[in-house]
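Subject: Structure handover

Hello,

Here is the structure I promised to pass on. Please open it first, then read my notes below.

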Amino acid sequence: MKRFLGNGKNFNLLIFPFLALAFFILIALSNQHVFRNDKAVMYTYIKSARQGRIGYGFNSYYGNDISFAGLEPGDLILGAYPGCAYGRFSHAGIYLGKGKIMESYGDLGVNVQSISHYREYSEVCLLRVKADPAVKKRAVDYVSKRQGAMFYPLAFKNGERYWNCTKIMWKAYFEQGLDFDPENDFWVAPDLFYKSHLVEVIREKRV
Amino acid sequence: MHILTAILRLYLIHIGAFLAVGLSTYYPPWDILLVFIYLLIIGLEARTLKMWSPGSRWKIILAWQGPGILLLGLIISNLTIWDLSNYAFFIMLFWYTPLMPLLSLLPGIIWRGWPLYYYLLLALPFIMAGYHYFLSIAPHVPGIRNLK
């Protein structure tokens with residue numbers, strides 16, 4: 001063992017690569033279905049990166065004038081900038097009522113915003129979850145309790161200390177028995193909500 | 001040990017920890033254990049510099065924390081061109097992945113519109129610089145092996 005590790009100085013350099021390899025093998029062995037799924041988020045991202053697209057797209061104020069009329073608490077809102085690397089939609093939030101949405105974003109963490117900020121997206125889509133109002137209320141309660149929690153872009157679905165914009169919505173409904181990611185990917189892309197049979201499109205608009 | 005070797009070692013440890021801690025977040029709470037290993041190893045590296053001049057120590061520390069300081073500058077500059085300030089924050093979140101588990105334990109307190117982790121993340125270049133410098137000047141602790 002000592003021969004392998006050398007002196008303490010080598011141990012300092014080797015310990016983390018060794019641990020990273022060990023965790024990678026554990027994750028890969030228990031998630032072979034993700035690596036076999038050519039629609040997995042990681043493959044979408046890699047494909048986009050090869051085409052020169054990284055991140056959430058070309059951020060600007062696009063002045064989307066979609067109507068937010070008729071939204072109910074628990075409805076989902078998706079926003080897209082052109083050139084997003086992980087799919088059509090760049091961002092997602094859940095409607096709380098009274099013109100407020102809950103979302104998770106880099107510097108703000110899990111936070112409450114006015115729905116009007118979605119007007120900055122070139123594409124906006126409003127989704128209604130096909131569920132009992134009581135279920136949607138519990139989902140809203142779930143996200144509301146996590147205000148101020150930490151944002152991490154690559155938050156895995158496990159655990160409740162790191163969040164990104166989609167994980168918080170996925171988890172809120174997952175806890176109520178609705179799974180927006182039946183393929184059980186590492187991450188939930190905003191597009192999954194759009195494609196799910198658990199929602200219906202209220203309206204969408206591209207500018 | 002040459003000054004460049006000391007810097008390179010810190011970067012290699014940091015990048016290794018980035019991968020290991022990032023992957024370990026899949027298995028919480030292992031990520032928290034890995035942060036403490038990271039802090040321990042950085043501390044051991046700092047101890048190897050205790051015979052060095054303060055100037056050399058600061059050169060090493062500033063080179064090690066250079067990316068964090070540069071990203072902090074971009075964030076507080078509030079540059080809107082290419083959304084630089086925003087992307088800088090994302091990159092800073094990635095760069096300090098080895099310490100993310102500690103930030104994730106903070107209570108969800110929001111002050112002046114930002115959560116507590118936002119402020120602490122921006123302070124990390126200085127906190128880590130101070131941590132390294134303090135350990136590199138601290139007197140010998142009995143029982144801690146000197147790796148020099």
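Start with Gly68(B). Its relative accessibility is 0%, so Gly68(B) counts as buried. Keep in mind that this is a predicted model.

**Around Gly68(B)**

Gly68(B) lies in helix α3 of chain B. Which residues does Gly68(B) touch, leaving aside those up to four places away in sequence? They are Met92(B), Trp95(B), Tyr96(B) and Pro125(B). Look at Trp95(B) in particular. Gly68(B) and Trp95(B) are 27 residues apart along the chain, yet their C-alpha atoms are separated by 7.4 Å.

**The helix pair in chain B**

Now widen the view to two helices. In chain B, α3 covers residues 54-77 and α4 covers residues 84-95. Their axes are 8 Å apart, and the packing angle is about 150°. Angles over 145 degrees count as roughly antiparallel, so α3(B) and α4(B) are roughly antiparallel to each other. Their crossing is left-handed. From α3(B), the contact uses Trp64(B), Pro67(B), Gly68(B), Leu71(B), Leu72(B), Leu74(B) and Ile75(B). From α4(B) come Ser85(B), Ala88(B), Phe89(B), Ile91(B), Met92(B) and Trp95(B). By class, the contact of α3(B) with α4(B) has 11 nonpolar residues, 2 polar and no charged. Read the numbering again with one rule in mind. An α-helix has 3.6 residues a turn, so residues three or four places apart point the same way.

**The helix pair in chain A**

Chain A has a pair to set beside it. Helix α5(A) takes in residues 133-144, and α6(A) takes in residues 165-174. The axes come within 8 Å and cross at roughly 135°. That angle makes α5(A) oblique to α6(A). The crossing here is right-handed. Val135(A), Lys136(A), Ala139(A), Tyr142(A) and Val143(A) are the α5(A) side of the contact. They meet Ile168(A), Lys171(A), Ala172(A) and Tyr173(A) in α6(A). This contact has 7 nonpolar, no polar and 2 charged residues.

Is α6(A) mostly covered or mostly open? It is mostly covered, with 9 of its 10 residues buried. Among the buried ones are Cys165(A), Met169(A) and Trp170(A).

**Chain A as a whole**

Chain A has 7 helices and 8 strands. Its C-alpha trace spans about 70 × 40 × 30 Å along the principal axes. Of its 207 residues, 52% count as buried. Take the contacts in chain A between residues at least 6 apart in sequence: 65% of them join residues at least 24 apart. The chain exposes about 9,800 Å², and carbon and sulfur atoms supply 58% of that.

**Backbone exceptions**

Most residues other than glycine have a negative phi, and most peptide bonds are trans.

- Pro28(B) and Pro29(B) are joined by a cis peptide bond, with omega about 10°. Pro29(B) is in the loop between α1 and α2 of chain B.
- Asn184(A) is not a glycine, but its phi is positive, at about 55°. Asn184(A) is in the loop between α6 and α7 of chain A. At 41% relative accessibility, Asn184(A) counts as partly exposed.
- Arg112(B) also has a positive phi, near 55°. Arg112(B) is in the loop between β1 and β2 of chain B. At 67% relative accessibility, Arg112(B) counts as exposed.

Best wishes

Definitions and conventions. Residues numbered from 1 in each chain as written. Chains lettered and ligands numbered in written order. Predicted model: local features only at pLDDT ≥ 70, side-chain atom pairs only at ≥ 80, totals over all residues. Heavy atoms only, no water. Axes fitted to C-alpha atoms, helices over the stretch in contact; angles between N-to-C directions. Helix = DSSP H or I, 4+ residues; strand = E, 2+ residues; numbered from the N terminus. Parallel < 35°, antiparallel > 145°, perpendicular 65-115°, else oblique. Left-handed = near helix turned anticlockwise from the far one by under 90°. Contact = heavy atoms within 4.5 Å. Nonpolar A, V, L, I, M, F, W, Y, C, P; charged D, E, K, R; others polar. Buried < 20%, exposed > 50% of the residue type's maximum accessible area, 1.4 Å probe, protein only. Areas by Shrake-Rupley, 256 points an atom, 1.4 Å probe, with all protein chains shown as cover.
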